[in-house]
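Please open the model in your viewer and keep the selection tool at hand.

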Amino acid sequence: MVIRSEAEWSDMYTLRMISGNKIPGLLGFQEKWLDGTPMYYYDITSKQPLSRLAERRKITGTELRTLISDFILVLKQMERFLLDEQRICLNPECIYMDPETCHGSFCLIPGYYSDFSKSFFELAQYVLDHVDHSDGEAVILAFSMFRESRKDNFGIEDIERCLGVEHK
């Protein structure tokens, strides 16, 4: 996947961190220049966007549990590398899934900015609309994800709560 750079010089930290490190849960990244314009290349080998998988069939509970777990992992890794969650694209077109393992990989875009709460809410709505409603686990997880997305100032702990992880 190739994205034309919109990054400002102020976002060089993000660019250098994702260029120089393999961060679990994030798509592999390379910056290349084409006609004087930086282009971002993401390794999507053997992966499909969540949107394509969801249009072919409904998302199961197992797949959703894996996706939520992967999302929690990537948020923790981003925190470890001091990366801003506002830079992650939660559009179903930019979340790539391994069709065999159901593991998700996320796209962190230097220069991109989104309201994380709003983006997560939109993803939760999308998931709720595309889960297998005959799969009880899928429905419970999707609704839990949607419910948590409605909270003000939610964080990783709230997302973990979707999986039944409790914090003391």
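A residue is called buried when its relative accessible area is under 20%, exposed when that area is over 50%, and partly exposed in between, using a 1.4 Å probe and the protein chains only. Strands (E, at least two residues) and helices (H or I, at least four residues) are DSSP runs, numbered from the N terminus. This is a predicted model, in which local features need pLDDT of at least 70 and side-chain atom pairs count only at pLDDT 80 or more, whereas totals for chains, interfaces and linings use all residues. Residues are numbered from 1 along each chain as its sequence is written, and side-chain values use heavy atoms, with hydrogens and water left out.

Begin by selecting residues 37-43, which form strand β3. Five of the seven residues of β3 are buried, so that the strand is mostly covered.

On a 1 Å grid over the protein atoms alone, a cavity is a set of points where a 1.4 Å probe fits but cannot get out, while a pocket is an open set with protein on both sides within 12 Å along at least five of seven lines; lining residues have an atom within 4 Å of a point. Grid points are joined across faces, edges and corners, and a volume is the space filled by probe spheres set on the points.

For the largest pocket, of about 180 Å³, select lining residues including L75, M78, F116 and I156. Helix α3 (61-80) is one of the helices that supply at least two lining residues here, and α3 gives the largest share, three residues.

Which residues lie closest to the centre of the largest cavity? This cavity holds about 100 Å³ of space, and of its 13 lining residues the closest to the centre are L50, L53, R57, E63 and M97.

Finish with L67, I68, F71, F106, L123 and M145, which line the second largest cavity, a space of about 30 Å³. Helix α3 gives the most to this lining, with three residues.
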